[in-house]
Amino acid sequence: MFDLRRIAPATARNRDPILDVLRDVLPGSGTVLEIASGTGEHAVHFARGLPHLNWQPSDPDADARLSIAAWREAEAVPNLKPPLELDAAAPDWPVEHADAVVCINMIHISPWAATLGLMVGAGRLLASGATLVLYGPYHREGQATAPSNAAFDEDLRLRNPAWGLRLLEDVVREADGQGFDLDRVVEMPANNLTVVFRKR
Ligand SMILES: C[S@@+](CC[C@H](N)C(=O)[O-])C[C@H]1O[C@@H](n2cnc3c(N)ncnc32)[C@H](O)[C@@H]1O
């Protein structure tokens, strides 16, 4: 049998530090919508680590969804749902309800329209008090970008001029415009940030 499970090497390094933050900021029950689930390794790990939550993975990429589905089948985590086809930039999301939204490593590897769509979609979906959790590398106003992130930014822009590290303050402004307050910014290993917003 052909194994459709993909592996992103960074996941093994970042999944536990991210899970530690998720334990603090996600609700005690309900459904978490993950945008841009990629391989699906995070979805498996977080669903297993947060058994009181239903984990709903999604990705617009068909091969990613095959990988997520293959991981789900292999690992058989009961609270992990089948992946949805969801483009954050689309005006309609195929989701009726979520109690939190998590988006890891998408904002810098997609056009800015995906971030704008993420804010609009999460703003429409989430109730007051619910969290939107982002993870990834950012530029920050008045702070030097770590050399590893500057090189990563350059590499991303060579691969696609519409990609690249975003200024955290621009992301915060767009989130604010869709009804989100910045709850906390957590410094993570390898110069990444977890950024937590809460719906007003
Ligand atoms: C670098 S991968 C990150 C995957 C996973 N979250 C991780 O950290 O390993 C970026 C993902 O963003 C997804 N993506 C790109 N544009 C998107 C969009 N407009 N809406 C939702 N996901 C998108 C890609 O399909 C890809 O799976």
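Visitor: Does V186 count as buried, exposed or partly exposed?
Guide: The test counts C-beta atoms, placed from the backbone, within 10 Å of the residue's own: 20 or more means buried, 12 or fewer exposed, and in between partly exposed. V186 has 18 C-beta neighbours inside 10 Å, so V186 counts as partly exposed.

Visitor: What kind of model is this, and how are residues numbered?
Guide: It is a predicted model: local features need pLDDT of at least 70, side-chain atom pairs count only at pLDDT 80 or more, and totals for chains, interfaces and linings use all residues. Residues are numbered along each chain as its sequence is written, starting from 1.

Visitor: In which strand does V186 lie?
Guide: Strands here are DSSP runs of E with at least two residues, helices are runs of H or I with at least four, and both are numbered from the N terminus. V186 falls within residues 180–188, which form strand 7.

Visitor: Which residues does V186 touch, not counting those up to four places away in sequence?
Guide: Contact means that two C-beta atoms, placed from the backbone, lie within 7 Å. L33 is 153 residues away along the chain from V186, and their C-alpha atoms are separated by 21 Å. With residues up to four places away left out, V186 touches V21, L193 and T194.

Visitor: What is the order of helices and strands in the protein?
Guide: The protein has 6 helices and 8 strands. From the N terminus on, they run α-β-α-β-α-β-α-β-β-α-β-α-β-β.

Visitor: What is the radius of gyration of the protein?
Guide: The radius is taken over C-alpha atoms, and the globule rule is 2.2 Å times the number of residues to the power 0.38. For 200 residues that rule gives 16 Å. The protein comes close to this, so it is as compact as a globular protein of that length, with a radius of gyration of 16 Å.

Visitor: What share of contacts between residues at least 6 apart in sequence join residues at least 24 apart?
Guide: Some background on the whole chain first. The C-alpha trace spans about 50 × 40 × 30 Å along its principal axes. Of the 200 residues, 38% count as buried. Among contacts between residues at least 6 apart, the share joining residues at least 24 apart is 73%.

Visitor: Which elements do the buried residues of helix 2 pack against?
Guide: Helix 2 (residues 41–49) is mostly covered, with 7 of its 9 residues buried. These are E41, H42, A43, V44, H45, F46 and A47. They pack against helix 1 (9–25), strand 1 (30–35), strand 2 (53–56), helix 3 (62–75) and strand 3 (100–104).

Visitor: At what angle do helix 4 and helix 6 cross?
Guide: Axes are lines fitted to C-alpha atoms over the stretch in contact, and angles run from 0 to 180 degrees between N-to-C directions. The axes of helix 4 (residues 112–125) and helix 6 (residues 168–177) come within 8 Å. They cross at roughly 35°.

Visitor: Which residues make that contact?
Guide: By class, the contact has 4 nonpolar, 1 polar and 1 charged residues. Here Ala, Val, Leu, Ile, Met, Phe, Trp, Tyr, Cys and Pro count as nonpolar, Asp, Glu, Lys and Arg as charged, and the others, Gly among them, as polar. Helix 4 gives T115, L116 and M119, and helix 6 gives V171, E174 and A175.

Visitor: Which residues are closest to the ligand?
Guide: A residue is near a molecule if its C-beta atom, placed from the backbone, lies within 6 Å of it. The shell has 11 nonpolar, 7 polar and 3 charged residues. Of the 21 residues that surround the ligand, the closest are A36, G38, A88, N105 and A114.

Visitor: What is the phi of A190 near?
Guide: A190 is found in the loop between strand 7 and strand 8 (192–199). Its phi is positive, in a residue other than glycine. The value is near 60°.

Visitor: How far apart are the C-alpha atoms of S148 and A190?
Guide: S148 sits in helix 5. It is exposed, with 11 other C-beta atoms within 10 Å. S148 and A190 are 42 residues apart along the chain, and their C-alpha atoms are separated by 8.4 Å.
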